[in-house]
Amino acid sequence: MKIALLGPPGAGKGTFAQMLEDEFKVKRFVMGDLLREEVKKKTKLGKEIKNYIDNGVLVPDEIACNIMRRKIKGKKNYILDGFPRTLLQVKSFKEDLDKVIYITTKNEIAISRLAGRRQCSKCHRVYHIKTNPPKEDGKCDFCKSKLYIRTDETEEAIKQRLENYKKETEPVIEYYKKKKILVEINGNRSIKEVYEDIRKLFKW
Ligand code: AMP
């Protein structure tokens, strides 16, 4: 099965993609993490990507598509998180997705989630200081690496990311709705409740 998770920043895509990977042992590919990996390498491309990410702007479609295409080449089962995010990405991706899960979230809930978010610097697991805290302060439960606050989790960048989402990603949702492969999930609830609804959709 080829699945994509869509929804605004703060919808919980990363958390649910991780939970699905853990439960169903299907690899997830997280566009944001793949881009941040490139930034870490400090290559010319990485520096260019960092500039877009820190300002909350989408990375050019060609760069995002090239990275994702390389990753999923030849794979029959995967979960995509944060891709495709624009209609151009949909068109150039050319993969037939089986299901697109759209996690709806109110703006104020998304913003409060982003404000408390912490991420593992190594395995990229996502935590929240209030709703999903790590067992040990500042450390990943799984690989014990340091948790960090993302550089684009500033008020300005968050505002920009929510705007991008409206302008660029909502048309993608409409596209998959018309294709009748979109499943809408109410993301304004606890992690447990939302995940219970998502996992019912899967038969790997
Ligand atoms: P995320 O981790 O999904 O919140 O993404 C963080 C940032 O990475 C976004 O604000 C964009 O700058 C970039 N990004 C993530 N996914 C994409 C994508 N599909 N296309 C272009 N840029 C992306």
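Analyst: A residue counts as buried when its relative accessible area is under 20%, as exposed when that area is over 50%, and as partly exposed in between. The structure discussed here is a predicted model.

User: Is T86 buried or exposed?

Analyst: T86 belongs to the loop between β3 and α5. The cut-off for burial is a relative accessible area under 20%. T86 has a relative accessibility of 4%, so this residue is buried.

User: Which side chain does the side chain of T86 meet in a polar contact?

Analyst: Leaving aside neighbours within four places in sequence, T86 is in contact with L58, D61, E168 and V172. The T86 side chain also reaches the backbone nitrogen of Q89 at 3.0 Å. The polar contact between side chains, at 2.8 Å, is with D61.

User: Which backbone nitrogen does the side chain of Q89 reach?

Analyst: Q89 is part of helix α5 and is buried, at a relative accessible area of 3%. Residues up to four places away in sequence not counted, Q89 touches D61, A64, C65, F83 and P84. Its side chain reaches, at 2.8 Å, the backbone nitrogen of R85.

User: Which residues does A64 touch, not counting residues up to four places away in sequence?

Analyst: A64 sits in helix α4. Its relative accessibility is 3%, so A64 counts as buried. With residues up to four places away not counted, A64 touches M31, V59, F83 and Q89.

User: How much of the area that the ligand exposes when taken alone does the protein bury?

Analyst: The ligand is surrounded by 16 residues, the closest being V57, G82, R85, Q89 and R150. An N or O atom in the R150 side chain is 2.9 Å from an oxygen atom of the ligand, and a polar side-chain atom of R161 is 3.4 Å from a ligand oxygen atom. A nitrogen atom of the ligand lies 3.0 Å from a backbone N or O atom of V59. Taken alone, the ligand exposes 480 Å², and the share of this that the protein buries is 96%.

User: How many of the ten residues of α2 are buried?

Analyst: The buried residues of α2 are M31, G32, D33, L34, L35, R36, E38 and V39. Their cover includes β2, α3, α4, β3, β5 and β7. After α2 comes K42, with a positive phi near 60°. The helix is mostly covered, and its number of buried residues is eight.

User: What is the C-alpha to C-alpha distance between L45 and L87?

Analyst: L45 lies in helix α3 and is partly exposed, with a relative accessible area of 31%. Neighbours within four places in sequence left aside, L45 is in contact with E38 and I63. L45 and L87 are 42 residues apart in sequence, and their C-alpha atoms are separated by 23 Å.

User: How many disulfides does the structure hold?

Analyst: A disulfide requires two cysteine sulfur atoms within 2.5 Å. C140, which is buried at a relative accessible area of 1%, is in no disulfide, and its nearest cysteine sulfur, that of C123, is 3.7 Å away. C143 is partly exposed, at 27%, and its sulfur is 3.5 Å from the closest cysteine sulfur, in C120, which is too far for a bond. The number of disulfides in the structure is zero.

Conventions. Residues numbered from 1 in each chain as written. Predicted model: local features only at pLDDT ≥ 70, side-chain atom pairs only at ≥ 80, totals over all residues. Heavy atoms only, no water. Helix = DSSP H or I, 4+ residues; strand = E, 2+ residues; numbered from the N terminus. Buried < 20%, exposed > 50% of the residue type's maximum accessible area, 1.4 Å probe, protein only. Contact = heavy atoms within 4.5 Å. Polar contact = N/O pair within 3.5 Å; in protein donor to acceptor, adjacent residues only side chain to side chain. Near = heavy atom within 4 Å. Areas by Shrake-Rupley, 256 points an atom, 1.4 Å probe, with all protein chains shown as cover.
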